[in-house]
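Hi everyone, thanks for coming. I'd like to walk you through one structure today, with some time on its pockets and some on one of its helices. Here it is on the screen.

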Amino acid sequence: MIAPPTLPSDHTADRPAAVRTLVLPQGFAWGAGTSAYQIEGAAAVDGKGPSIWDTFCAGPGHVVGGETGEQACDHFHRYPQDLDLAAALGLDTYRFSLSWSRIRPTGSGQVESRGLAFYDRLVDAVLARGLRPMVTLYHWDLPQALEDAGGWPSRDTSYRFAEFAATAVQHLGDRVDAWSTLNEPFCSAFLGYAGGVHAPGRKEPAQALAAMHHLLLGHGLAVEALRANGRPSHELSIVLNFSQVLPASDSPADLDAARRVDGLHHRVFLDPVLGDGYPADVREDTAHLTDWSFVREGDEQRIAAPIDWLGVNYYTSTRVAAAVDLSAPTPGVFPGLRGVDLLPPRGPLTSIGWEQSRDGLRDLLLRISREHPTVPLVVTENGSAWHDVRSADGSVLDDGRVAYLVAHLAAVEEAVASGADVRGYIAWSLLDNFEWAAGYAERFGLVHVDFATQERTIKESGKVYAEVVRRQREAAC
């Protein structure tokens, strides 16, 4: 095992807030996350079928530098070392996803035993290091064969996803008790099928709304499959991404612009999952695009299958204003959005160009808890991209990430103090990885990865996070 990291003495004096003890609930979970396509590599090993991201990466101009996830972090072969790092950071939870096409190469039909065997080894290694495995079934990598058959705009994909969920829990459910169905269906549906900036790269706004519905239907069907094939002790969830929507002013027009964005970004996913059905105002806002006939009788009831907690992913805020022409289509990934100007973020920005808004995380957690008081929350992703600096002694300094981490942990503490039921914090991400359309240019990891040599180095932010976790554990004793 790698020795536990310590904070270098020449940096601790500059960051007293980084190592203070936070006031958080007993049993609060501390972890870090990854996803299969971003770290595993081994894209065609042991019978794995192609996913939409394999295909998308092969297309010219889709990914910065023409890069792919073919090797990524080579986690498929190096997972023992990576899990040693997670344990060395003192974490108690490791969140990761399963590659659907590694287990069912064509999305349905024959199960690939070698793919299941890899996840057997991975789960056993997670448990051997005292970590709790938190499994996400779908983190954007749809088997290409299902995309060829229509993808998420096709209703049949929902049922194939439920089959995959049943296979996974039947095989791993004796050791995995925390399951998430989908990660960020907003991105899968809207970035992939409306904006075309993520796989599968389609620009079909009406189909994007159908994809959104079938992702959520797939979630509901998967929850049913997990309940039927799993254990009563299993905790089931879905992970949604949120961004605090900030209107340019308190004018009625700007407030309505914020309502429209909030509807398509948040409420159209959150409301049906938590039993309130699709928001009427979002249906009205998009009526020019679709008649919503893809929603069949009983679908909303299935989507509202009870979950045990909600995963909250948060990185940044979104600034909006009313457009001069309220009927003009809004460029970007929001299908059917009209009459809204998406404003530039305000600095200082992270390297990927995202605004830093720690108060947005606090306010978001409080809003969800206020509107849905019976649903516990887990911050399942929170992190920031920066251009790291390697010092002469080989250490990796990332002051921007340290400051972001500390500020957002304090925001979680403030939300809890004000009544939000937050049960855990999962940093994104454990490793630098393949950052989707940005390739390897943007780094979110607590651990630096040299992609040429596959050498791992715990960054300063990783050491700070380890110290925070250590202090929390000591305080709980």
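Let me start with a term: a pocket here is an open set of grid points with protein on both sides within 12 Å along at least five of seven lines. Please keep in mind that this is a predicted model.

With that in hand, the second largest pocket has a volume of about 210 Å³. It is lined by 14 residues, and Pro 25, Gly 27, Gln 472, Arg 473 and Ala 476 sit closest to its centre. Helix H16, residues 460-476, contributes the most to that lining, with 5 residues. By class, the lining splits into 9 nonpolar, 3 polar and 2 charged residues.

Now the largest pocket, at about 1000 Å³. Its lining counts 39 residues, with Phe 186, Cys 187, Leu 191, Thr 316 and Trp 354 nearest the centre. Helix H9 (185-193), strand E5 (235-247) and strand E6 (309-322) each give two or more residues to the lining, and E6 has the largest share, 7 residues. The class count is 22 nonpolar, 12 polar and 5 charged.

Over to helix H6, then. How far apart are its end C-alpha atoms? They are 22 Å apart, which agrees with the 22 Å that 16 residues should span at 1.5 Å a residue. At the start of H6, a side-chain oxygen of Glu 112 comes to within 3.0 Å of the backbone nitrogen of Arg 114. The buried residues of H6 include Leu 116, Phe 118 and Tyr 119, and their cover includes helix H4 (75-88) and helix H8 (156-172). After H6 comes Gly 130, with a positive phi near 75 degrees.

Technical notes
Residues are numbered from 1 along each chain as its sequence is written. This is a predicted model: local features need pLDDT of at least 70, side-chain atom pairs count only at pLDDT 80 or more; totals for chains, interfaces and linings use all residues. Side-chain values use heavy atoms; hydrogens and water are left out. Helices (H or I, at least four residues) and strands (E, at least two) are DSSP runs, numbered from the N terminus. The expected span of a helix is 1.5 Å times one less than its number of residues. Buried means under 20% relative accessible area, exposed over 50%, partly exposed in between (1.4 Å probe, protein chains only). Contact means heavy atoms within 4.5 Å. A polar contact is a pair of N or O atoms within 3.5 Å; within protein, one must be able to donate a hydrogen and the other to accept it, and residues adjacent in sequence count only if both atoms are side-chain atoms. On a 1 Å grid over the protein atoms alone, a cavity is a set of points where a 1.4 Å probe fits but cannot get out, and a pocket is an open set with protein on both sides within 12 Å along at least five of seven lines; lining residues have an atom within 4 Å of a point. Grid points are joined across faces, edges and corners, and a volume is the space filled by probe spheres set on the points. Ala, Val, Leu, Ile, Met, Phe, Trp, Tyr, Cys and Pro count as nonpolar, Asp, Glu, Lys and Arg as charged, and the others, Gly among them, as polar.
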